[in-house]
Amino acid sequence: MKTIPEKQDAIVADFIMMGDEFNRFAYLLELAGQLPVMDSSAKTDTNLVKGCQSSVWLDIRVINGIFYFTADSDTLTIKGILYLLQDILCGQPAIEVSRSKLDFIQRTKLMSAFTNDRQKGVGFIIRTLLDKAIRESRPN
């Protein structure tokens, strides 16, 4: 299995290959369509990410020390980001997730296409994921 940095590097390479900002954005929207459907029962207030401009739900689980999450959003661009985050983080040891520096969004220049509010929302999503990994990685 590839490490978190290796997965991020591969994503960055894919986006660079896309060329200009328009093509990168179109690719992100294409990825949004690949986000697995989240069970409607997981779309609870508890799983709703606070501070996002869009509605974003994260159902995060750590099973035997391995990090997983399902997600959904009412915005296609955020669904694309969620798909990429799943690709990078799901199946990784929670301790590795807790230590990760998720910088692929900046490196792909996707953040520059987002409004300030959308950038903050993506930050809240990432913080929510990392905080859960940190909590689950602490010794009992």
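## Cysteines, a hairpin and a helix

The sulfur of C90 lies 17 Å from the closest cysteine sulfur, which belongs to C52, and that is too far for a bond. This comes from a predicted model, so let's take a friendly tour of it, topic by topic.

**Cysteines**
- The count of disulfides comes to zero.
- C52 takes part in no disulfide, and its nearest cysteine sulfur, that of C90, is 17 Å away.
- Is C52 buried or exposed? With a relative accessible area of 17%, C52 is buried, because buried means under 20%.

**The hairpin of β1 and β2**
- Strand β1 (residues 56-63) and strand β2 (residues 66-73) run antiparallel and are joined by eight bridges.
- Across the pair, V62 stands opposite F67 in β2.
- The hairpin has two residues between its strands, and N64 takes a positive phi near 50° there.

**Helix α3**
- Helix α3 covers residues 76-89, and its 14 residues should span 20 Å at 1.5 Å a residue. The end C-alpha atoms of α3 are 20 Å apart, which agrees.
- How many of the 14 residues of α3 are buried? Ten of them are, so this helix is mostly covered.
- The buried residues of α3 include T77, I78, G80, L82 and L89.
- Just after α3, G91 takes a positive phi of about 90°.

**Rings**
- A search of the whole structure finds two aromatic pairs.
- K43 lies over the face of W57, at 5.3 Å from the ring centre.

Conventions. Residues numbered from 1 in each chain as written. Predicted model: local features only at pLDDT ≥ 70, side-chain atom pairs only at ≥ 80, totals over all residues. Heavy atoms only, no water. Phe/Tyr/Trp six-rings, centres within 6.5 Å; stacked < 30°, edge-to-face > 60°. Lys NZ or Arg CZ within 6 Å of the ring centre and 35° of its normal. Helix = DSSP H or I, 4+ residues; strand = E, 2+ residues; numbered from the N terminus. Expected span 1.5 Å × (residues − 1). Buried < 20%, exposed > 50% of the residue type's maximum accessible area, 1.4 Å probe, protein only. Pairing = 2+ DSSP bridges. Disulfide = S-S within 2.5 Å.
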